[in-house]
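Subject: A structure to look at

Hello,

Here is the structure I promised to pass on. Please open it beside this email and follow along.

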Amino acid sequence: MLPHLLWAQKLSFRQADSLLVARNHDLKSARWDVSSAEGQLAQSRRYDNPTVSMMYNVRNPNNRRWLDAGHDGEVDVQVSQPFSIGGQHTEQIRQNQSLLQAARYQLQATKRDLRTQVHTALIDLYYQQRQAEVYDLEISSAEKILAACREQSDNGNIAAIETQRIATMVYQLSKSRTDLLLSVSALQSQLCLALGLQGATTLRADINEE
């Protein structure tokens with residue numbers, strides 16, 4: 001096992017799904033859109049409240065003075081109530097119902113797409129980490145062979161070209177392992193971003209192949 005994976009956070013499909021629902025920013029935004037559409041629909045089902053306006057002594061009818069602050073004036077109260085005509089109220093409700101349904105479909109689509117991306121990344125991480133462990137074993141064995149060959153080469157028992165060939169093999173294995181670890185790091189960053197984990201979190205894919 002890779003040394004840095006000894007203290008890595010294990011991540012299974014179930015854990016990934018739970019973190020995705022709880023922490024993913026895109027899912028939170030999609031849920032807010034649904035809540036907003038629900039509020040719009042609830043509001044459209046209600047009729048507008050009456051509007052009441054009041055004026056006192058704009059013109060006093062007793063002394064015919066304008067804006068008179070006396071106590072013998074009159075109060076003018078006006079009440080207005082807007083009404084939708086031609087089925088406008090029903091149409092507005094129908095439109096908001098469609099918007100709500102669209103928001104719910106978008107939430108489900110977002111959740112499905114993100115879940116697919118997370119599962120795919122987790123599977124890739126699992127096999128790449130296993131491949132990196134194989135590289136570690138191969139490199140360890142090749143380095144032991146290289147050390148023995150160099151010793152024998154120094155004693156004149158093995159041609160220098162053979163030692164160079166093994167050294168080249170060790171270099172190529174190390175380079176392939178480095179490239180693989182870069183890909184592993186990218187997958188870990190992708191998962192951390194999608195699941196709302198700290199960017200420096202080291203993840204170890206926990207998958208039962210059976």
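**Starting from one residue**

Ile145 lies in helix 3. Helices here are DSSP runs of H or I with at least four residues, strands are runs of E with at least two, and both are numbered from the N terminus. Before going on, note that this is a predicted model, where local features need pLDDT of at least 70, side-chain atom pairs count only at pLDDT 80 or more, and totals for chains, interfaces and linings use all residues. Residues are numbered from 1 along each chain as its sequence is written, and side-chain values use heavy atoms, with hydrogens and water left out.

Is Ile145 buried or exposed, or something in between? Its relative accessibility is 45%, so Ile145 counts as partly exposed. (Buried means under 20% relative accessible area, exposed means over 50%, and partly exposed is in between, with a 1.4 Å probe and protein chains only.) Thr163 is 18 residues away from Ile145 along the chain. The C-alpha atoms of the two are separated by 9.1 Å.

**The whole chain**

The protein chain has four helices and four strands. Read from the N terminus, the order is β-α-α-β-β-α-α-β. Of the 210 residues in the chain, 30% are buried.

Helix 3 covers residues 88-154. It has 67 residues, so at 1.5 Å a residue it should span 99 Å. Its end C-alpha atoms are 95 Å apart, which agrees. The expected span is 1.5 Å times one less than the number of residues. Just after helix 3, Gly156 has a positive phi of about 85°.

Now try helix 4, residues 160-195. Its 36 residues should span 52 Å, and its end C-alpha atoms are 52 Å apart, which agrees.

**How the helices pack**

Start with helix 3 and helix 4. Their axes come within 8 Å and cross at roughly 160°. (Axes are lines fitted to C-alpha atoms, for helices over the stretch in contact, and angles run from 0 to 180 degrees between N-to-C directions.) Helix 3 and helix 4 are therefore roughly antiparallel. The cut-offs are these: under 35 degrees is roughly parallel, over 145 roughly antiparallel, 65 to 115 roughly perpendicular, and the rest oblique. The crossing of helix 3 with helix 4 is left-handed. That word applies if the near helix is turned anticlockwise from the far one by less than a right angle; clockwise is right-handed. The residues of this contact divide into 24 nonpolar, eleven polar and six charged. (Ala, Val, Leu, Ile, Met, Phe, Trp, Tyr, Cys and Pro count as nonpolar; Asp, Glu, Lys and Arg as charged; the others, Gly among them, as polar.)

Next comes helix 2, residues 25-44. Helix 2 packs on helix 3 at an angle of about 165°, with the axes 9 Å apart. That makes helix 2 roughly antiparallel to helix 3. Their crossing is left-handed. Their contact holds eleven nonpolar, seven polar and six charged residues.

What of helix 1 and helix 3? Their axes come within 10 Å and cross at roughly 140°. The two are therefore oblique to each other. This crossing is right-handed.

**The core**

In soluble globular proteins, nonpolar side chains tend to be buried together. The largest nonpolar core here has 29 residues. (Such a core is a set of buried Ala, Val, Leu, Ile, Met, Phe, Trp, Tyr and Cys residues joined through side-chain atoms within 4.5 Å.) Residues with the most contacts inside it include Leu11, Val118, Leu122 and Leu203. Helix 1 (13-23), helix 2, helix 3, helix 4 and strand 4 (203-205) each supply at least two residues. Which element gives the most? Helix 3 does, with ten residues.

- Leu122 is in helix 3. It is buried, at 0% relative accessible area. Ser12 is 110 residues away in sequence, yet 8.1 Å away in space, C-alpha to C-alpha.
- Leu107 is in helix 3. It is buried, at 15%. Its C-alpha atom is 6.9 Å from that of Leu27, 80 residues apart along the chain.
- Ala109 is in helix 3. It counts as buried, at 18%. Ala30 is 79 residues away in sequence and 9.8 Å away, C-alpha to C-alpha.

Best wishes
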